[in-house]
Amino acid sequence: MSSDAKLSASKQQLFRIPRVPFWAQILAGLVLGVLLGWLARSADVGWLGTALTKTGETFVQLLKLAVAPLVFFAIVISITNLRKVSNAARLAGRTLLWFMVTSLIAVAIGLTIGLLANPGAGTGLTTRDGAEPDSAGSWLDFLTGIVPTDVVTPFTELNVLQIVFMAAVVGVAALKLGPKAEPLLELSESVLSLLQKALWWVIRLAPLGSLGLIGTAIKDYGWGLIGQYATFTADVYIGCALVVFGVYPLLLATVARVSPVQFFRGAWPALQLAFVSRSSVGTMPLTQKVTERLGVPKEYTSFAVPFGATTKMDGCASVYPALAAIFVAQIFGVDLGVGDYLLIAFVSVIGSAATAGLTGATVMLTLTLSTLGLPLAGVGLLLAIDPILDMMRTATNVAGQALVPVLVAAREKILDLDAFHSAKSFSIEDLDRDGTGPAGAEGRTGAEDDAEDDAEDDARTPVPA
């Protein structure tokens, strides 16, 4: 290497701005958001509070903007991709079975913690603190609302359940048409890739979004209100943690016979994004990516992950409604019996499809309360603390959405163990280095992606003469 080249390389090293890991950006956003929210509330800084609110709202709105078409095309492609998988019906059935089993375990944990901790006791809250929501979920709405009245309204009103229904019809019809549907499927795959790329730009804004969302929560409600809900908040976080770090590792070790530590190492990028974005659907492309890197065949992953992102909600639809129902019953002085607890479990396992993979779980909560005959005004008691709860709930949802494909693939002997054992956490900024976006290169394994990442890292490091 010439002296000029050496000088140029040393200057590059000297002036290179260190790359901040995405998790560190998110953590910084959360900490800064808490500080700015506290400042806006304590010093009554109006413009700062408005800026925090608008930042959080814009991030959520950008996520919602991509949700409707993303869900539609992802479900269409996921169903049609099953034609590439042997024993497709068996895989779909096993996937649904494990969704239900894990949901049942999660709701049992939520009920147990609720009965032991009494989350509604000692809060100081009364029935006057609640208010009925603008809209409520019911079994009649759930059953009759699956079929849309037209093809436009579900997209404009973001009715995820109706979008899933239409996508399923189109996907099954495309399978029946065979070769005649190939042009439509090619177009759908292209549109899906474009949507994922656009969503990826939104995901990169997650540190700013987390700053705005947590800052707004602190600004609006302060620490006093959070103190009133301390027991309930702790119960939700403990319940979700027991599911994610207790039940899931046990299933991985006993059912899939793989390392739980290795699973979390590979799935970590999706979990951290879910915690910040509070959107299972918004995290879906990354969930699919990490699941592929964990050795699950792409053809199966492209079915199981989109399906799970709209129906698999161990946090929002299992742990949370169980605890919330007990909390509301205690505030309103209603005694729940064994039959009521069984109803909560039934609603959690069967009704989770009514929970959109977006921020919040109001639909599932109102569905649970209305089934038990509890006052819907109890929903208003929990809306204030919902943003903080939703972070852990969504991370739990996404962990389950990555877990089940690994369990099924391992049991069906289609899990690539070499890719699983070589999967590692990665920086989100590195994902579309090859230009393929969050879904990754066609037909590549996690091991191949990791090898190329390492090779490119070496290539960027100046070599001394």
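These are my notebook entries on a predicted model of one protein chain.

**Entry 1: Ground rules**

I number residues from 1 along each chain as its sequence is written. In this predicted model, local features need pLDDT of at least 70 and side-chain atom pairs count only at pLDDT 80 or more, while totals for chains, interfaces and linings use all residues, and side-chain values use heavy atoms, with hydrogens and water left out.

**Entry 2: The whole chain**

I looked up the secondary structure and found 20 helices and zero strands. Both terms refer to DSSP runs, numbered from the N terminus: helices are H or I with at least four residues, and strands are E with at least two. The protein chain has 465 residues, and 54% of them are buried. I use "buried" for under 20% relative accessible area, "exposed" for over 50%, and "partly exposed" for what lies in between (1.4 Å probe, protein chains only).

I then looked up the accessible surface, which comes to about 20,000 Å². Carbon and sulfur atoms hold 64% of that surface. Such areas come from the Shrake-Rupley method with a 1.4 Å probe, and for residues only the protein chains shown count as cover. Of the contacts with a separation of 6 or more, 85% join residues 24 or more positions apart. A contact means heavy atoms within 4.5 Å.

**Entry 3: The nonpolar cores**

Which residues have the most contacts inside the largest nonpolar core? I found F232, F263 and L382, in a core of 120 residues. Helix α3 gives the most to this core, with 15 residues. A nonpolar core is a set of buried Ala, Val, Leu, Ile, Met, Phe, Trp, Tyr and Cys residues joined through side-chain atoms within 4.5 Å.

Another core, of six residues, lies apart from the largest one, and M313, C316, A317 and L367 are among its members.

**Entry 4: α3 against α7**

Two packed helices are described by the angle between their axes and the distance between the axes. Axes are lines fitted to C-alpha atoms, for helices over the stretch in contact, and angles run from 0 to 180 degrees between N-to-C directions. The axes of α3 (residues 46–81) and α7 (residues 160–177) come within 8 Å and cross at roughly 30 degrees. The crossing is right-handed. A crossing is left-handed if the near helix is turned anticlockwise from the far one by less than a right angle, and right-handed if clockwise.

On the α3 side I noted residues including V67, V71, F72 and I75, and on the α7 side residues including I163, M166, V170 and L175. The residues of this contact divide into 17 nonpolar, two polar and no charged. Here Ala, Val, Leu, Ile, Met, Phe, Trp, Tyr, Cys and Pro count as nonpolar, Asp, Glu, Lys and Arg as charged, and the others, Gly among them, as polar.

**Entry 5: Two partners of α4**

I compared two pairings of α4 (88–117). With α13 (residues 298–311), the angle is about 35 degrees and the axes are 11 Å apart. The crossing of α4 and α13 is right-handed. L91, A92, T95, L96 and F99 in α4 meet Y300, F303, A304, F307, G308 and T311 in α13. I counted by class eight nonpolar, three polar and no charged residues.

With α15 (residues 338–350), the angle is about 145 degrees and the axes are 9 Å apart. α4 passes α15 in a right-handed crossing. M100, S103, L104, V107, L111 and L115 in α4 meet Y341, I344, A345, S348, V349 and I350 in α15. This contact holds 10 nonpolar, two polar and no charged residues.

**Entry 6: Loop residues**

Is G120 buried or exposed? G120 is buried, at 8% relative accessibility, and its place is in the loop between α4 and α5. G120 touches F327, Q330 and I331, not counting residues up to four places away in sequence. G120 and Q330 are 210 residues apart in sequence, yet their C-alpha atoms are 5.3 Å apart.

N118 is found in the loop between α4 and α5 and is partly exposed, at 36%. N118 is not a glycine, although its phi is positive, about 50 degrees. R257, in the loop between α10 (230–256) and α11 (260–277), also has a positive phi, near 55 degrees. R257 is exposed, at 68% relative accessibility.
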